[in-house]
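Please open the model in your viewer and keep the selection tool at hand. The tour below goes from one stop to the next.

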Amino acid sequence: MTITALMPVYGRCEVEPVRGDGCYLYDAEGREWLDFASGIAVNLLGHSHPHLVGAIQKQAATLMHTSNLYKVPAQANLAQRLVDLTFADTVFFTNSGAEALECSIKTCRAHHYAAGHPERYRILTFSNAFHGRTLATISATDQEKLRKGFEPLPDWFHVLPFGDLEAVKAAIDPSIGGILIEPIQGEGGIRPATQAFLQGLRDLCDEHGLLLILDEVQCGVARTGTLFAHEQYGVTPDIMAIAKGIGGGFPVGACLATEHAASGMVVGTHGSTYGGNPLAMAACEAVLDVVTEPSFLAHVNEMATRLRAALEQMIPNHDHLFDSVRGMGLMMGLKMKSDSRAFVNHARSHGILLVAAGDNVVRLLPPLIIEEHHIRECVDKLSAAARAYEPAVAA
Ligand SMILES: *Cc1c(COP(=O)(O)O)cnc(C)c1O
């Protein structure tokens, strides 16, 4: 037998963390990494945050799981808190981002079905999007590496060039019920939608009775310096999927919707065994306690400004390697002039964890609790990694 006990679907690197503390990860030998990956935008309070750990410990000892067959007060409370904080009127809790997208897609479909238009079952999406790894969500992108081996996939989605409003206009026909987009593409290479594009999508949705579905799984929950990224665009969705940061490391996601959009989500249309269990709700409440503190977003914005300035200052010293900085808040991308994956691998040996993305971008997704000294350390480590990398590039 050659297959490993763990299904070999990941090409894992050598880093083997066993403990985390704040912005650092440690392996069994005590090696330390500055964690500017945050488990891919998940650990927004860093590792072992006392308020989050305390909330989970307390809830685990009280009640972990019951069932959605019963009333779950913690779920109703958190839903109300999210409704109060956002555009939404109603919330469904999931265990992951892809599940939050599945619920968002079903909400859109159910809306048109309930309105007597079951033929409006298709959704417009965008090239290089990432919405998860389920069959529906891999159908929603044109990324070959996600789709390969799983075709034929259903025709529920029509993928268009990111940023091309004219293509969107031309693609709207009686089969289209909604538009799904990441306001800032994450996996695709930290590519923010322009103001004109996102506003244009909103206007087209209003004009044609389509639902605007935002995937804020990566860019949501304070990551970009507002609680949700769309707030900075002044564009309000009808449906929004969130996950990653909202649990701070506990697996949880949610689909948020307006009353109008959720018109078809009646008893029996959707469900989840674990979704919204008391333990997950306690984790979310703890994360929200911290990120809604009055000074929290100001801190994120201050650190984002400093990190961007520090990276921009670093680029000219290694301008054969680095091209530019892009992104919003602490969802930052460093565009490389060569393979970003190779540089991320190399940077690990200099004690910093980053994440590669499409378009040769290195993603910097630090915990939102970083301080100035972490930024200095990040740039020192990136510079050292870049200096040691130069011969390899020249060769
Ligand atoms: C990570 C991610 C997802 C999928 O989330 P999972 O929890 O891995 O299912 C969906 N959309 C975006 C934008 C993401 O970054």
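**First stop: the largest pocket**

Select helix 12, which gives the largest share of the lining of the largest pocket, four residues; helices (H or I, at least four residues) and strands (E, at least two) are DSSP runs, numbered from the N terminus. This is a predicted model, in which local features need pLDDT of at least 70 and side-chain atom pairs count only at pLDDT 80 or more, while totals for chains, interfaces and linings use all residues. Residues are numbered from 1 along each chain as its sequence is written, and side-chain values use heavy atoms, with hydrogens and water left out.

Next, colour domain 1 (17–49 + 295–337 + 346–387) and domain 2 (51–291), which both give residues to the lining of the largest pocket, so this pocket lies between them; the domain bounds come from an automatic or database domain assignment.

Now show the open sheet of four strands, whose order is 13-14-17-16 with antiparallel pairing; two strands pair if DSSP finds at least two bridges between them. Strand 13 (322–328) and strand 16 (355–357) stand at the edges with a single partner strand each, so one side of each has no neighbour in the sheet. Strand 16 pairs with strand 17 (residues 361–364) in the antiparallel sense over three bridges, and if you select Val355, you will find that its bridge partner in strand 17 is Arg363.

Finally, return to helix 12 (residues 340–348), which packs on the sheet and touches strand 13, strand 14, strand 16 and strand 17, where contact means heavy atoms within 4.5 Å.

Conventions. Axes fitted to C-alpha atoms, helices over the stretch in contact; angles between N-to-C directions.
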